[in-house]
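Let's take a friendly walk along the backbone of this model and stop at a few spots worth a look. Please have the sequence and the structure open as you read.

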Amino acid sequence: MDPWHAPWGNGRHETRAEAAAEARTPEPERQPEQEPQPGPEGPGSPDLPAAAEPQPSAQAHSPSSPAPAAASRTAPTHRHSAHSPWHVAREAAAGAVDGPLEAAAVALGPEALGRVLAGALTALTDLPSFDTSAMDGWAVSGPGPWRVTAPSSLAPAATAGILAGQAPARPLPDGHAIRIATGARIPPGASAVLRSEHGETVQAADGGVLLSAPGGAPPGQDIRPRGQECRNGDQLLPPGTPVTPAVLGLAAAAGYDELWTYRRPVVEILVLGDELLHSGLPHEGRIRDALGPMLAPWLHALGAETIGPRHLADDEGVLYEAIASSTADVVITTGGTAAGPVDHVHPALHRLGAELLVDGVQVRPGHPMLLARLDPADGSTPRGRSAKRAARSARSPRTPRHLVGLPGNPLAAVSGLLTLAEPLLGTLSGRMRPEPRRVRLADGVHGHPHDTRLVPVACRTDEKGGVVASPLHFNGPAMLRGIAAADALAVIPPGGAAEGEPAALLGLPWSPAATNPYLATTPDTGATGGRA
Ligand SMILES: Nc1nc2c(c(=O)[nH]1)N[C@H]1C(S)=C(S)[C@@H](COP(=O)(O)OP(=O)(O)OC[C@H]3O[C@@H](n4cnc5c(N)ncnc54)[C@H](O)[C@@H]3O)O[C@H]1N2
Ligand code: MOO
């Protein structure tokens with residue numbers, strides 16, 4: 001059975017809108033595991049007493065995998081003061097590399113799809129490249145009635161009228177008409193096209209055929225003039241435009257055989273956690289890996305190529321080796337970012353001599369996320385990486401490798417993906433940064449006193465025709481139910497946002513709600529710290 005149409009659970013289809021509605025109106029007793037929602041007196045999970053915090057990762061990891069070297073570490077230190085403000089972290093990620101990866105000419109086809117134009121797409125021809133009939137009917141010359149000309153009199157091959165692809169050699173004399181098809185070249189001398197359904201023909205006394213049009217045929221009617229869409233040399237699209245199926249079509253129409261595009265960044269996904277299962281039901285304290293299946297397609301949508309996901313044991317040596325030997329432009333790890341007994345990302349980065357560019361972010365969820373430069377900025381061979389491995393890498397020597405460490409809690413990982421990975425990949429792939437949009441909130445959202453919150457929202461059109469964003473429940477760090485029903489993540493500044501207040505949105509690749517400029521949203525003024 002087509003998996004898209006296979007019934008879930010009770011066999012009833014729940015639409016995404018229904019799922020969003022459900023996430024908006026939770027029954028409190030049905031979501032006992034939801035992170036505490038912020039009350040009117042202050043925020044929820046971030047600054048709650050220890051008992052209400054997400055459980056430290058030590059308790060979540062399998063007890064059968066004792067932590068090796070790190071077991072003797074002292075209690076996790078609270079590194080909050082060193083954490084970067086959210087928009088500073090995003091800027092740091094976007095600016096971690098000087099610019100896009102190498103550019104190359106790529107044939108117009110699937111290989112170009114998702115890459116980004118390295119130069120402007122300028123028309124190589126006028127479009128249309130000749131005056132074209134927009135309809136099936138007759139090309140006519142001057143006011144009617146017209147004497148219908150035998151097609152072969154203008155173009156020898158045109159027995160059924162002038163067809164698309166044929167070139168009429170002789171001009172159409174004044175007072176004459178000739179059968180013509182949509183897309184055919186207008187013969188010289190023709191002033192308009194009369195649609196088949198608008199003309200009437202009668203037999204003339206001399207045996208010829210006369211055409212008349214009750215509505216007339218004003219000059220230019222149903223003719224697409226040469227250059228109507230563009231002139232040779234016009235800029236059709238600026239550099240930085242992602243190649244979509246429509247861009248491929250436009251490029252072909254404009255005369256291109258290949259496109260000059262930036263190389264897609266290659267991302268290797270390393271999923272950490274001995275407690276993770278890859279099939280079946282959670283059991284005996286072990287849970288399903290929710291990030292492996294999610295990250296690769298999400299990264300593809302952001303224009304990256306992926307290696308993995310590779311599932312690694314909770315072992316610092318294994319992690320070190322995997323990072324050191326990776327030839328990817330960006331390594332993304334999941335889990336292990338905190339300071340629990342089997343959280344090995346920091347120790348492995350230290351051993352690699354990596355430079356931490358962002359070490360924690362003032363954002364909820366996801367504050368332990370990090371960004372590191374793996375290769376020294378001076379281009380020398382990094383510690384732990386042999387010359388042979390360095391030579392195997394397909395990367396430009398100018399572009400150092402980076403690592404984005406996503407926290408293990410699934411929504412925290414999404415937060416890290418959009419805060420650090422998306423801006424970094426945006427710069428590497430050469431994408432224009434989407435203009436941040438601000439949309440009014442349908443309900444107030446409590447904020448954290450110091451940190452930005454990213455909250456899943458569903459966008460809808462209100463009764464006045466404006467777009468509003470409804471904050472969704474099930475937005476705890478370990479939950480994906482809210483984001484799966486969402487159109488975007490709303491950026492809630494420290495202190496929160498009131499009902500009706502505009503909030504910046506971070507778009508999700510499958511939902512245009514946050515970035516579509518044709519939606520009636522409020523342009524971002526950056527006024528409330530919501531720089532997206
Ligand atoms: N003492 C403290 N403990 C924790 C803090 C803190 O500030 N002080 N922060 C908490 C927060 S917030 C997060 S987020 C996590 C981040 O921890 P890690 O990045 O080290 O992640 P893990 O400990 O490996 O896992 C956390 C949680 O997520 C589950 N997980 C991991 N990978 C996956 C996956 N692929 N699919 C589904 N679920 C996954 C894992 O089982 C844990 O339950 O640290 C808190 N602790
Ligand atoms: O709450 Mo943590 O912030 O899940 O990343």
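A residue is called buried when its relative accessible area is under 20%, exposed when it is over 50%, and partly exposed in between, using a 1.4 Å probe and protein chains only. This is a predicted model, in which local features need pLDDT of at least 70, side-chain atom pairs count only at pLDDT 80 or more, and totals for chains, interfaces and linings use all residues. Residues are numbered from 1 along each chain as its sequence is written, chains are lettered from A and ligands numbered from 1 in the order in which they are written, and side-chain values use heavy atoms, with hydrogens and water left out.

Let's begin with positive phi. Phe474 is not a glycine, yet its phi is positive, at about 55°. You will find Phe474 in the loop between strand S26 (467-471) and helix H10 (481-484); helices (H or I, at least four residues) and strands (E, at least two) are DSSP runs, numbered from the N terminus. Is Phe474 buried or exposed? Phe474 is buried, with a relative accessible area of 5%.

Glu284, also not a glycine, has a positive phi of about 50°. Its loop runs between strand S16 (276-277) and strand S17 (287-288). Glu284 is exposed, at a relative accessible area of 77%.

| Cis peptide bond | Omega |
|---|---|
| Leu127 to Pro128 | about -10° |
| Arg364 to Pro365 | near -5° |

Pro128 sits in the loop between strand S4 (121-122) and strand S5 (132-133). Pro365 belongs to the loop that links strand S21 (361-364) with strand S22 (370-373).
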